[in-house]
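Open the model in your viewer and keep the selection tool at hand. This tour moves from one selection to the next.

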Amino acid sequence: MQLTNRSKIVSNKKMTFVERLYFPAIFKGMMITLSHFFAKKATIDYPKEKREFSEIYRGQHVLKRDDQGRERCTACGLCALACPAEAITMVAEERLPSEEHLYREEKYAKTYEINMLRCIFCGLCEEACPKEAIFLTKRIVDAEYSRDKFIYGKDKLVEPLELDLRIDISKRQIPEVLEFKKDKTQRHNK
Ligand code: SF4
Ligand code: SF4
């Protein structure tokens, strides 16, 4: 039974004089090659050129701050638990009274690391986080020459304090989540 219509029946018929010259076949092959010179390239000259990614592309993570600049992460460990690649590790610390302007919750992540070589950018950490502290972004993880540079700590993950340098993640959130965030009766939103 024929599975596709692409099969060709091979025959052993003798080649004609023109076929034996091979020039027509070579010419045909050259024309195909030549046509690709003028076709639109499928590749880009990265990193000089960069593609525009979707707002919901799952790239490098960000650890968010709240409106007052405090780190949102409370080191609950749910992201690490949800991570199928076991790429996240953290060390929790109790917040001191003098540190209330730095950390949003009573407990914070003293260290927080993601191994970008293990990460499969599935986004489950983002979904598991109850504090809206971790989000994936459309930024690409940089290429490096050594493996240890792929361990991203808080210095690379926590967003800058300056308002104009904050990472906008609003387009990643579905309307239901944005509606929920407006409800100030929820402790989550205070
Ligand atoms: S994106 Fe997936 S694999 Fe990467 S750290 Fe988050 S949960 Fe783990
Ligand atoms: S990023 Fe979210 S889920 Fe992960 S430890 Fe911090 S608060 Fe918990």
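This is a predicted model: local features need pLDDT of at least 70, side-chain atom pairs count only at pLDDT 80 or more; totals for chains, interfaces and linings use all residues.

Residues are numbered from 1 along each chain as its sequence is written, with chains lettered from A and ligands numbered from 1 in the order in which they are written.

**Ligand 1.** Select it with its surroundings. It has 14 residues around it, and C83, C119, C122, L124 and C125 are the closest. A residue counts here if its C-beta atom, placed from the backbone, lies within 6 Å. By class, 13 are nonpolar, 1 is polar and none is charged. Nonpolar means Ala, Val, Leu, Ile, Met, Phe, Trp, Tyr, Cys and Pro; charged means Asp, Glu, Lys and Arg; the others, Gly among them, are polar.

Show the strands (DSSP E runs of at least two residues, numbered from the N terminus). An open sheet of 3 strands runs β2-β3-β5, paired antiparallel. β2 (88–94) and β5 (151–152) are at the edges with a single partner strand each, so one side of each lacks a neighbour in the sheet. Pairing takes at least two DSSP bridges; β2 and β3 (residues 107–115) share 7. Pick E94: its bridge partner in β3 is K107.

**I88.** Finish here. Beyond its neighbours within four places in sequence, I88 is in contact (C-beta atoms, placed from the backbone, within 7 Å) with C79, A80, C83, I114 and C125.

Notes:
Helices (H or I, at least four residues) and strands (E, at least two) are DSSP runs, numbered from the N terminus. Two residues are in contact if their C-beta atoms, placed from the backbone, lie within 7 Å.
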